[in-house]
Every structure is written in C-alpha cells, then in structure tokens.
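These entries record what I looked up in the structure shown below. I took up a pocket and then a pair of helices.

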Amino acid sequence: MAPHSLIALSTDYCLRNLSRTMCCTGDKGVLRLRPDVFLPSEICDKLVNAYMDLVHTDSDFEGHDGFFQLFSDPRSTRLSRVHLREDTVLDQDLQAIAKQDLIELHLTNCNNLSAHSLKTLSDFRHTLVSLSLFGCSNIFHRKAMDFSFQGFNRLRLLNLGCLPPDVDVEALLSPLTSLTALDLSGLQLPRPAFLAQWRDRLTSLVLYNVELCEEVFHTVLHLDISRESRRSGKFKLTRKLLTAIVQSLTHLASLDISGHVMLDNCAAPPFEEAVGRPSTDPSKSSIYPLRELKRPLQFLGLYDTTLCNLTHIPAYKVTGGKNEEQILNAIEAYTEFRPELAHRAINQLFDIARIQHCGQLLRALQLVIAALKCHKYDKSIQVTGSAALFYLTNTEYRCDQSIRLRREVIQVVLNGMEQYQEVTVQRNCCLTLCNFSIPEELEFQYRRVNQLLLRILEPTRQDESIQRIAVHLCNALVCQVDNDHKEAVGKMGFVKTMLNLIQKKLLDKLCDQVMEFSWSALWNITDETPDNCRMFLERSGMDLFLECLKEFPDKQELHRNMLGLLGNVAEVKALRPQLMTPQFITVFSNLLDSKADGIEVSYNACGVLSHIMFDGPDAWTMDEPQREEVMDRMWDAIRSWDVSSRRNINYRSFEPILRLLPQSIAPVSQHWATWALYNLVSVYPSKYCPLLIKEGGMNLLLSVLELPSSHEETKDMARKVMEHCGNFKEDPMETGR
C-alpha cells in the first residue's frame, strides 16, 4: 500500500488547522480566507472533497458551519469537481458556492437538501457536464415540480437514481437532448418510447431495478439492466432478447444482467462446458447469447445469477458469487449505489475468509474499508463488514498488512462502535480490535478507543460476551503505557466503571473473567498513578476488596490481582493512612500465609505491609495487631519463599522498591525489597539487570551494606544482586530466563 502523497498530507493538515494555514478569524469569530490566498481548482476540489471524507470518517474532526463560504468568491478560489454526500450537506452549503463554474457536481443521499437547492443548481447550468442527484429524495419536493433542466446545454452525464416515484422523469429530462450517460436506477419509466430521444447518443444507460421494455439502444457501450433478486416484474430476460441486445449493441463493452432468472436455457451443456481451460473468447462462451460478441466485454455483471458459475465467460471482469475474484468485483462495482448487493457480497467474502483462504487480502481489505466508510449509517453493511474485518486482520494475514492499512481498519472499526449500540456490531468491532497489538497499534486513537469501550461497559447489565471482550481490551490498553495515558483514562471514569462491574458481579455472586479482568485493569491503571489510587479508595474500593475476599476465598487469580492493586495504593504515602486500620492490617497479615498463585499473593501482601512499615512506628496508630507481631510474620513469609520462583508480574520501574533500601526504620521492608530484586535479577537477568543499573540500584544496594541496622541475611542477598548485575555487564549476551 503506497504512502500518502504530499498533496494528501498537506490537504489533511490544512483542513485540521484552517485558522493557522489558509484562514483568519473575521467578525463574530467567523472563518475567512486570508486576503493573500489564491487557490486553483486542483487544490480547492481536493480541499472540499477531503473535507467531506473527514466529516464522515473521523470523529475527531470538527466540521465548520461556514466552511463552504470559504469558496464563495471565484476570484480567490476555483471549484470545478465537487462530490458531497449524506445529511451533513445543507441548502446554504450549495448556495455558498453558487458563483463557481462547476463542471462536475455529485450529490449522494443528501436528504437535507430541499427544493431551494434546485435554484442553486440552475446557477451551474452553463458549465455543468456531469450531475448526480442519487438518493437526494427531498430535493424534488412537490413545490419543485416547475424545475426544468432547460439551459443545461453542456450536461452529458446525469444520475437521478432512487429519486421519489412522483417525479415526472419525462418532463424533467426532455430539455436534455445531448445526454451520453443516464442513470435512472429505481425510477418508474413513463412509457416504453420515453428513452428513444437518446437512442443514437447514449453510450451508458443504467436501469437497475427499473421495469423494462424491449427497447434496444444501438450506440450504448455500457448497459445495466440488473435488478435485485426475487424482485417481481413483468419483464423477463430471455435467451432471445439477450441475443438481440448483444447483436444490436455492436460496440458493447459493459453489460450487467445481475439478478435476472433466465427462463430458457442460455448455458452450454456440461459436456461442452468442461472442454479446455477457462477462456474469454466469445466464440467459446458458455453463455450462448454472448457468442454474438465481437470482442470480450470489459465488464459483465452476473451477480445472483446461475450464469456466473459457468467456465467460459467472455469478459475480463465478472461479478458473481462463484469465487473470490467475482465476489470482490461485486463489492467494488456495487458499493457506492447498491449497498443491498454489496452487503451480500461482503457476506460471501466473510465466508471465504472464515472457512477458506483469502488470496487477494489487500484488495479485500481496501474494499471492505471503503464500504464501511461509504455506508457508515447502513446497519447491514456495518454488521457484515465488521465481521469480515475480524477474519481479514487475524494472525494468518498479518504479515501482509502495512501500518497505514491497519490504522485504516482501526478507524472504521471505531466508527462502527461509535455509530451503533447494536450487540452484533459492538461484538464484531471489539473482536477485531483484539487482532491488534495492544496498546501499541491503538495508541494513535488511544483516547477515543477508551471512551468507546467505557461507553460499552457503562450499562452493567450488558451482553456477557461483549462485556468480557471490552474489559479485556480495557485491561490491555492500560498495561504498559505511560502515566499520562493512565491519568487521562482515569479521568474518563475508568476506575468507576471497573468498580461498578465488580459490584454487579458481587451481587450475582459470580467470579468470572469479567470480575478478574476488572481487578487486573485496576491493578494496571493504578500503577504509579496516585490520582487513580485515590479514586479507587474514594469509590469504596477497599470495601469491595474485603467483600470479594469473603465471597471468593479460593479464587487465586482474583486474590493476586487485588493485592497487586493494593500494592500500588500502598506506594502512595498520602494514601497509606487510609490502609492503617485493624481490619485491613489483619487481612494483609493473614494473606502473608497464602499459597495462592505460588508466592504472588503472599509477596504482594508483604509489599503492602512493607510500605506501611516504612512510615515508622509513629504512624502505627492501633493497639492490635501490634507492629512487631506483624513484622515477625513478614520475616517468616519472606524466608519461606523460593528465590528462584518464576513470577507473574511485570515491573516497568524499580523506584517504589528502591526507596525502601536506604533506611533503618523498618529492616523487614528493606529485606522484602532486597529479596524482590534478587529474585527478579536471578530469574530474568536480561530484563531486570539493565533496569536496576539504569535506575541507580547499585549505589543503593551499597548503602544497604553500610547501614548497621541492615540484617546480615539482607546484606548477603544485596551482595548477590550486585554480583548478578556485575556479571551481566561483563556478559551483555546473557539471555537467561
């Protein structure tokens, strides 16, 4: 996938920074073009069309009410080709550019345009060559019935697809004698002879879902008479009629007959079908009427017909459902104006990616992304597209995907999550995000993805599978990120949301993955972030901790996560007094004897107490349990641990441990810290020796050796830590685990 061009990058930057680039602020804060800015049509067209894309595909982009007013004066800005779509386009937007000499104006599904915009269209009548009003259902309101295309003498291409049925098409089009391309998809034609006036001029005629007659156009290069399958109608496409069409249209290059059921046999028999390799030669065509072609077609639409399954098809590009190539061609051909067909084709692509193997991964991904962007508000496209993305981004295909492509996938997935609260879309989108490296690949949308996940989790009575996936993602997103990210997510309500989930699980007396992931997420988000630790305490987190211990006494993973979190809280000096209650100290002391999850629960309980002891005897404000008694239990626990234990823990910094070394007020805290370092540098030297050296641990360990209050066994352990790190420096190729 090619990198963005310089013009694309520059356009994007200008649109996101209008007031710092091409605009200044005028009266009442309205944006105005700088007086020294003069932009040609090549740049203005890109600015307007890129602006439309950003409005529809990037939720971080804020549109400007007066944006189109920037292009009101053709002396400083020139527009020639403008493509606008969806409900964000208003009458005043068109009116703002009324003085421009537009050559091409495409308006797609602009339902907020009213009959007032027809007057603006008339302003373009002298220059317009190509006009599309596809799906602009309100523009031809009854009040607009007196509108005429009189004076649109240069107009050659016109798309009126999907306009209201009460539009008088014949009267509307009668002045347009020079049309060469006409799309009347979904309209009701007034009479069979209506199209005869363009008989010798039209080169492209699209009559998708139109009730047809047998009129034939001698000059048409592109003929589309396709329809949705199962659509009833009087017109039947027979072998005789198809033969007549092919014989009459001697220059035919593109034909679409998708959705038609052939009433008589157009296909060659199986024994003839099987002869030779697949060929595009018309004389060998498996579809009898197409043997009349002078040359292979550039395009042949056979979607939702049995003819697409034949072997010899005289066309270079075919839509159908036979194989991946035909399905991708169908998505490409039908996405913009026929989402009902694109949806079905994407569903077939989903089956290929899920069951078989996708051979054209890059093309498939780009087409699905384009469909999701184009039909942000179409639920069926969002459901099937998000499901297809899940399989197209999994590990099997990952090596073939560029960073830019994967970021585009993330963008459209987040768009889907933002737009739809529906269970299937949410589940598909969350599952697709699980295919990415978290948090690294999501960091460019970090705030947005967290906001969307927290919104999913806000109603505690949520679909169980979505809840589980969303909590897993939340946990992964706050693991291994910097503290600024954690603090920002905490302010979004992360701590509150996780505690609400825990509260709900307690009420249900259920300790499942959601419960364990929620505690794990709290453990991660409180790491070295005092504000988040404070939020945990302020929102009755300690009460939930005690309730979970009581309700789930045998859940080792849960205990480990909870104690890891409380270790983070205990590292914050200002919060430790809130842990200094007989109830909490007794619980922590009892957990010193826990064998849950190896040494992890006992280790974390001892870590909490080590920080509390570090505050000295004056901070110990209770009679029971006594400080000396608790310290004795801590010594016993530490001596019982195997120093070669493999750990289920990950330190990004040793700072909270290192601060316990150069002190004499609590030797047991010093001993716990030294043991922790000895264990980590022994078992994981390549990871933790450099970290300890980098953070100045060697000098602090020397101070342990020099302090008279340090116990001999602590000093012995400190020497071993220094020895390990010394050996590591001498042998940088150490890879021990």
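**Second largest pocket**

I looked up the space in the second largest pocket and found about 720 Å³. I then listed the residues that line this pocket: there are 37, and the closest to its centre are Trp523, Asn524, Asn648, Ile649 and Asn650. I note that the model is a predicted one.

I next asked which helices each supply at least two residues of the lining. They are H15 (464-477), H18 (513-525), H21 (556-570), H23 (600-614) and H25 (655-658). I recorded H21 as the source of the largest share of the lining, with 7 residues.

**Helices H12 and H13**

I turned to helix H12 (residues 403-419) and helix H13 (residues 423-433), whose axes come within 9 Å and cross at roughly 155 degrees. For the hand of the crossing of H12 and H13, I wrote left-handed.

Which residues meet where H12 contacts H13? From H12 I listed Val409, Val413, Leu414, Gly416 and Met417. From H13 I listed Val425, Gln426, Cys429, Cys430, Thr432 and Leu433. By class, I found 8 nonpolar and 3 polar residues in the contact of H12 with H13, and no charged residues.

Definitions and conventions. Residues are numbered from 1 along each chain as its sequence is written. This is a predicted model: local features need pLDDT of at least 70, side-chain atom pairs count only at pLDDT 80 or more; totals for chains, interfaces and linings use all residues. Side-chain values use heavy atoms; hydrogens and water are left out. Axes are lines fitted to C-alpha atoms, for helices over the stretch in contact, and angles run from 0 to 180 degrees between N-to-C directions. Helices (H or I, at least four residues) and strands (E, at least two) are DSSP runs, numbered from the N terminus. A crossing is left-handed if the near helix is turned anticlockwise from the far one by less than a right angle, and right-handed if clockwise. Contact means heavy atoms within 4.5 Å. Ala, Val, Leu, Ile, Met, Phe, Trp, Tyr, Cys and Pro count as nonpolar, Asp, Glu, Lys and Arg as charged, and the others, Gly among them, as polar. On a 1 Å grid over the protein atoms alone, a cavity is a set of points where a 1.4 Å probe fits but cannot get out, and a pocket is an open set with protein on both sides within 12 Å along at least five of seven lines; lining residues have an atom within 4 Å of a point. Grid points are joined across faces, edges and corners, and a volume is the space filled by probe spheres set on the points.
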